[in-house]
Every structure is written in C-alpha cells, then in structure tokens.
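Please look over the sequence and the structure below, and keep both in view while you read the explanation that follows.

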Amino acid sequence: MDKTEFIWLDGKLVKWADAKVHVLSHALNYGTGVFEGIRVYDTPKGKGIFRLKDHVKRLMDGCKVMGFDLEIDGKKYGYDEVFEAIKETVRANPNADYVKPCIFLAGEEVGLNPVNVKASLAITTVHMGAYLGEDAASGATLIISSWQRPDNLCAPAGAKVNGVYVTSCLAKRDAILSGANEAVMLNSAGYVAECTGENIFIYRHGKILTPKTSNSILEGITRNSIIEVARDMGYDVLETDVSRIELLTADEVWMTGTAAEINPVTKIDNRVIGDGKVGEVASAIHKKFADIVRGKDSEYEGWVDLI
C-alpha cells in the first residue's frame with residue numbers, strides 16, 4: 001500500500017499526517033463505525049470509480065443499521081454529499097486506485113452508550129495494487145478458519161461495521177502465519193460463509209455456486225456484479241448453501257471483493273482444487289470483469305462513475 005497526499009476529513013481535505021482523531025473516540029474503543037472499500041480504475045474517458053452509487057447506498061444503509069446521523073459543522077450529510085465528497089477525494093489524489101470512506105463515532109466517550117456521540121466522516125485513498133499480492137493471481141492458498149463468521153444474531157453481518165471485522169482479522173492472521181493467502185470462515189450452521197474480506201464462488205458439476213445472503217455473508221457488490229455477468233455469459237449461477245465438502249471437491253474456486261477483484265484459489269487446507277491450476281471459468285469471467293471495470297464494455301458502462 002502506498003499513501004496518497006490528502007484525506008477528506010469532516011468537510012475538508014487535509015494532509016495525510018494531519019488526519020487525526022482522539023484516543024477516546026468511541027469508534028476506536030468500541031468499533032462503532034461503518035466503512036466501504038471502492039476501486040478506482042483508469043478508463044478511456046479518465047478515472048472511473050466502480051459502482052460508486054451502490055457503495056454509497058450500502059454505506060448509508062450501514063449508518064441506518066447503526067443509528068448514525070451525520071452532521072458536520074451544522075451541515076447534514078446524506079447520500080449526495082457523501083457521493084460528491086468521495087469524487088472530490090479521488091480527484092485530489094491522482095495515484096489512488098482504492099478509496100475507503102468511513103463514518104464513525106469520533107466523540108470522546110468512556111462507556112458503551114453511543115447515543116448523542118458525534119460522528120465523523122473520513123475518506124482515505126491509497127494505491128493498493130494487488131490486494132493479495134501478485135503471486136496470488138496464479139492461484140491463492142486458503143485455510144478453513146476455526147473462527148466462525150459472526151451470524152445475524154450476534155452482529156449486523158450484512159453491513160460493513162468496523163467492529164464486526166475483528167473476527168476477520170483473527171482469521172486472516174492465522175492464515176498468514178500458516179503460510180496461506182486467505183481464510184474461509186464457516187457460519188454457525190457449518191456452511192461456507194465467506195473469506196475474511198471476500199465472497200467466495202465455486203464451480204462444480206457444471207454450475208457456479210455461491211453462499212446465499214442468509215448465510216451471514218456480506219452482500220458484496222463485486223459478488224453481485226459477478227453473478228450478473230456470469231449469468232449474462234450463459235453460466236448457471238445458484239445462490240445456495242455450500243458445504244465444506246462441496247468447497248473441497250469443487251472443480252474451481254475463486255474469491256471476489258472490491259480489493260481482491262477476482263482471485264482464483266488452487267489449494268484449501270492442503271487439498272488441491274481441481275487440477276491445481278487457474279480454471280477456465282474463473283479466467284473467462286475475470287477477463288470480462290477486467291474490461292467492465294476499465295470502461296471497455298459499453299453494456300455495463302453505467303457501473304463506472306467518472307470523476
């Protein structure tokens with residue numbers, strides 16, 4: 001990750017080193033924030049942000065779940081204001097390929113009560129490159145984590161809430177220390193949920209399967225894109241329960257996410273997936289997706305917002 005020059009914080013662009021909050025901020029102590037990760041691409045018409053409208057909508061939905069009202073210096077911030085602030089931040093940082101808006105409780109508070117605690121908005125951009133590293137493009141290695149994906153009874157699993165990702169961090173740490181790229185988390189019923197920061201797909205018996213939203217997964221925007229694109233390409237895509245056995249015996253497995261984009265998987269828990277090579281289905285979908293996000297496919301041009 002390479003830093004960029006400016007961060008948008010509470011209504012203005014500030015230098016990277018000057019974007020600060022207090023150590024007693026509620027979000028730092030209790031995880032009370034919502035965030036998004038959004039990719040920025042070079043297109044023939046200039047810089048474009050992939051599915052920005054959908055990301056901002058999900059961010060605002062997260063605020064509704066958490067009960068946040070965002071007011072900065074007397075100005076109410078809703079969808080339109082956040083949308084424009086993100087574009088402003090990307091324009092100010094020409095080398096950015098990833099943008100992370102975060103709405104969080106910045107007020108200084110000791111105690112769990114979040115009512116009447118001041119909220120802030122920070123929009124950070126970085127140059128991320130390949131999220132899982134360049135080597136992972138030829139096939140990532142996964143473990144199945146002992147950490148369970150939080151379900152809907154213990155956390156708002158469908159929203160990108162800061163505190164919910166502690167479990168993902170623990171699973172990711174175990175994966176890295178074991179020499180893998182990523183970890184798969186199961187849900188409380190033992191079905192495949194998602195990876196630490198990506199949704200997961202398998203190709204098995206001629207069909208594409210991905211865990212359904214009721215399996216405590218994030219309703220990923222890249223996931224949604226791949227479902228639509230794959231169906232348009234003629235593949236049969238099912239949103240369903242996916243068992244651990246189906247995962248390990250799949251012909252192909254791949255992960256999707258804003259940061260990871262599409263990343264094929266060739267080994268899980270020391271079991272080779274398929275023939276151990278990047279599969280034809282994942283490759284074909286990845287090629288199509290790469291053209292779409294870079295504004296080279298007119299059929300999906302509405303998914304790219306120029307800055």
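E239 is partly exposed, because its relative accessible area of 36% falls between the limits of under 20% for buried and over 50% for exposed (1.4 Å probe, protein chains only). R223, at 4%, is buried, and the side chains of these two residues, E239 and R223, meet in a salt bridge with 2.7 Å from N to O. A salt bridge here is a side-chain nitrogen of Lys or Arg within 4 Å of a carboxyl oxygen of Asp or Glu. The pair links distant parts of the chain, since E239 belongs to strand β16 (residues 237–240) and R223 to helix α5, 16 residues apart; helices (H or I, at least four residues) and strands (E, at least two) are DSSP runs, numbered from the N terminus.

This is a predicted model, in which local features need pLDDT of at least 70 and side-chain atom pairs count only at pLDDT 80 or more, while totals for chains, interfaces and linings use all residues. Residues are numbered from 1 along each chain as its sequence is written, and side-chain values use heavy atoms, with hydrogens and water left out.

Side chains of opposite charge can pair when their charged atoms come close. The count of salt bridges comes to 16, and among them is the one between E36 and R58, whose closest N and O atoms are 2.8 Å apart. E36 lies in the loop between β4 (33–35) and β5 (38–43) and R58 in helix α2, so this pair ties together parts that are 22 residues apart in sequence. Both E36 and R58 are buried.

Where is there open space? The largest pocket holds about 1200 Å³ of space. On a 1 Å grid over the protein atoms alone, a pocket is an open set of points where a 1.4 Å probe fits, with protein on both sides within 12 Å along at least five of seven lines, and lining residues have an atom within 4 Å of a point. The lining has 45 residues, of which F35, Y98, K100, C102 and N162 lie nearest the centre of the pocket. Elements that give two or more residues to this lining include α2 (52–66), β9, β10 and α5 (221–232). By class, the lining has 22 nonpolar, 16 polar and 7 charged residues.

On the surface, V23, L24, L28, Y30, V110 and L112 form a nonpolar patch with about 620 Å² of accessible area together. Patches are made of residues with over 30% relative accessible area and no salt bridge, nonpolar side chains being joined within 5 Å. L112 sits in the loop between β9 (98–105) and β10 (119–127), and this residue counts as exposed at 66% relative accessibility.

Methods
Patch = residues over 30% accessible without salt bridge, like charges linked within 9 Å, V, L, I, M, F, W, Y side chains within 5 Å. Areas by Shrake-Rupley, 256 points an atom, 1.4 Å probe, with all protein chains shown as cover. Points joined across faces, edges and corners; volume = space filled by probe spheres on them. Nonpolar A, V, L, I, M, F, W, Y, C, P; charged D, E, K, R; others polar.
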